[in-house]
Amino acid sequence: MENLDFKYHPEVNDDYLCPDIMVVCDRKQPKGGSYSGVPRFIAETLSPSTAKRDKAEKMAIYEASGVEEYWIVSPQGAVEIYYLENGKYVLNQSYLLQDDEEEDDYNAKTVISLKAFPHIRMNLEDIFEGIKEL
């Protein structure tokens, strides 16, 4: 679903966020363009205008809401993967794309998968396909 809002405490008020990518499994929760359950996975793509909010405010909201996996993706080729452990996010994996095959630390073919859905896999280079640094 496109542009699905995440209402992170619907029992209190109508506050919501609109994650870039969200995986939800409870088909009964999406109602009228919003979701009030707990997503299994959220990813945010950083931009200069959203980076601080994505890495602080949104991350804290997702953590407090119980979202078990949160990825922060930077168009410059970085991926940070956080897992919820004992109610707190812990950085589990961090990648910086090196797509030059001549380099010792070439990692473009590294396979990354979602923790809760290990069958959903992608190469690191696929995440950044079509993105050119400015």
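Guide: A pocket is an open set of points on a 1 Å grid over the protein atoms alone, where a 1.4 Å probe fits, with protein on both sides within 12 Å along at least five of seven lines; lining residues have an atom within 4 Å of a point. This model is predicted: local features need pLDDT of at least 70, side-chain atom pairs 80 or more, and totals for chains, interfaces and linings use all residues. Residues are numbered from 1 along each chain, and side-chain values use heavy atoms, without hydrogens or water.

Visitor: Which strand gives the most to the lining of the second largest pocket?

Guide: The lining includes F41, A43 and T45, together with W71 and V73. With three residues, the strand that gives the most is β4.

Visitor: Is E44 buried or exposed?

Guide: The side chain of E44 meets that of K58 in a salt bridge, at 3.2 Å from N to O (the cut-off is 4 Å between a Lys or Arg side-chain nitrogen and an Asp or Glu carboxyl oxygen). K58 lies in helix α2 and E44 in strand β4, so the pair ties together parts 14 residues apart in sequence. At a relative accessible area of 1%, E44 is buried.

Visitor: How many residues apart are R40 and E68?

Guide: The side chains of R40 and E68 meet in a salt bridge of 3.4 Å, N to O. R40 stands in the loop between β3 (34-35) and β4, whereas E68 stands in the loop between α2 (57-65) and β5; these distant parts of the chain are linked across a separation of 28 residues.

Methods. Helix = DSSP H or I, 4+ residues; strand = E, 2+ residues; numbered from the N terminus. Buried < 20%, exposed > 50% of the residue type's maximum accessible area, 1.4 Å probe, protein only.
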